[in-house]
Amino acid sequence: MKKFIPYIILLSVTLVIACCKGDDRRHDDIQHTNILNTNLAETVNTDSPTISIREHEMEIRRLQTKYIIALIVIVLVSILVYFVFLTKLNRKNIAIIRQAKETEQAKKLSAQALRQMPRERLDLDQLLYSKLLDIMEGEQKPYTDQACNRETLAKLCATNGKYIDRIISHFADGKTTNEFITHYRLRRAMTLLADTDETVDAIAELCGFSSSRTFYRRFHDEVGMSPTEYRNLQTESELDGSL
């Protein structure tokens, strides 16, 4: 909607200019008619009425004023509609972000509870998944490497790729290993978008995405908006305290 506002304003200005030029042409036609009528009246020596140029000029000005007022109203209404639309969209996006944060926080608490459980109370799958979470959440952050895949995680956990696939699918809501890695990359990207001034392209690289295009697509699929929109909403939300 935002990108259409300049076009609406430009169209309105164009219409105003067109109307004014049209009125000027009508004014010239009226002047020409009056001259012909005057010459005709003088020729036949009659009192045939001529059209008053001043009256027609006033009429033209009134029409021009009406056109301008109407177009100003159109522009103002368009701007108002845009701001109403933008406000509703921002509220919707803020609600999406808040829900995503709450869901993520619940997942973190669940993972933290697993990691804090005594080792002797965990089975082999839980032990391996807890170890994987320690690796992903720790300083190493293997997902920031573009080459990170299931074999990378398997090597770090001292196991095999199929086992990594199985425990991730079991404990991470059915995610594949690639989806699991992408999820961590997006989490990191959200943090950097909110807390740093790094460019979106730089963040894509820092988080391990192969290209900015891939990052934009994955981010939009996960969050429902572009990285730039997310950053702007974060800034606005910090100012008004809505997040």
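A: Ile68 counts as partly exposed, at 34% relative accessibility, a class that lies between buried (under 20% relative accessible area) and exposed (over 50%), with a 1.4 Å probe and protein chains only. The model is predicted: local features need pLDDT of at least 70 and side-chain atom pairs pLDDT 80 or more, whereas totals for chains, interfaces and linings use all residues. Residues are numbered from 1 along each chain as its sequence is written, and side-chain values use heavy atoms, without hydrogens and water.

Ile68 belongs to helix 2 (residues 53-116); helices are DSSP runs of H or I with at least four residues, numbered from the N terminus. Together with Tyr67, Ile72 and Leu76, Ile68 makes a nonpolar surface patch of about 350 Å². Such a patch joins nonpolar side chains within 5 Å, from residues with over 30% relative accessible area and no salt bridge (Lys or Arg side-chain nitrogen within 4 Å of an Asp or Glu carboxyl oxygen); areas come from the Shrake-Rupley method with a 1.4 Å probe.

The whole structure contains eight aromatic pairs, defined by ring centres within 6.5 Å and called stacked under 30 degrees, edge-to-face over 60 and tilted otherwise. Tyr129 and Phe171 form a stacked pair, at 4.9 Å centre to centre and 15° between the planes. Because Tyr129 lies in helix 3 (residues 124-137) and Phe171 in helix 5 (residues 161-171), the pair ties together parts that are 42 residues apart in sequence. Tyr129 is buried, at 7% relative accessible area, while Phe171 is partly exposed, at 25%. Another pair, Phe209 and Phe215, is tilted, since the ring centres are 5.0 Å apart and the planes stand at 45°. Phe209 is buried at 4%, and Phe215 is buried at 0%.

As for cysteines, Cys157 is buried with a relative accessible area of 4%, and Cys207 is buried with 0%. The structure holds zero disulfides (cysteine sulfur atoms within 2.5 Å).

Notes: Phe/Tyr/Trp six-rings, centres within 6.5 Å; stacked < 30°, edge-to-face > 60°. Helix = DSSP H or I, 4+ residues; strand = E, 2+ residues; numbered from the N terminus. Patch = residues over 30% accessible without salt bridge, like charges linked within 9 Å, V, L, I, M, F, W, Y side chains within 5 Å.
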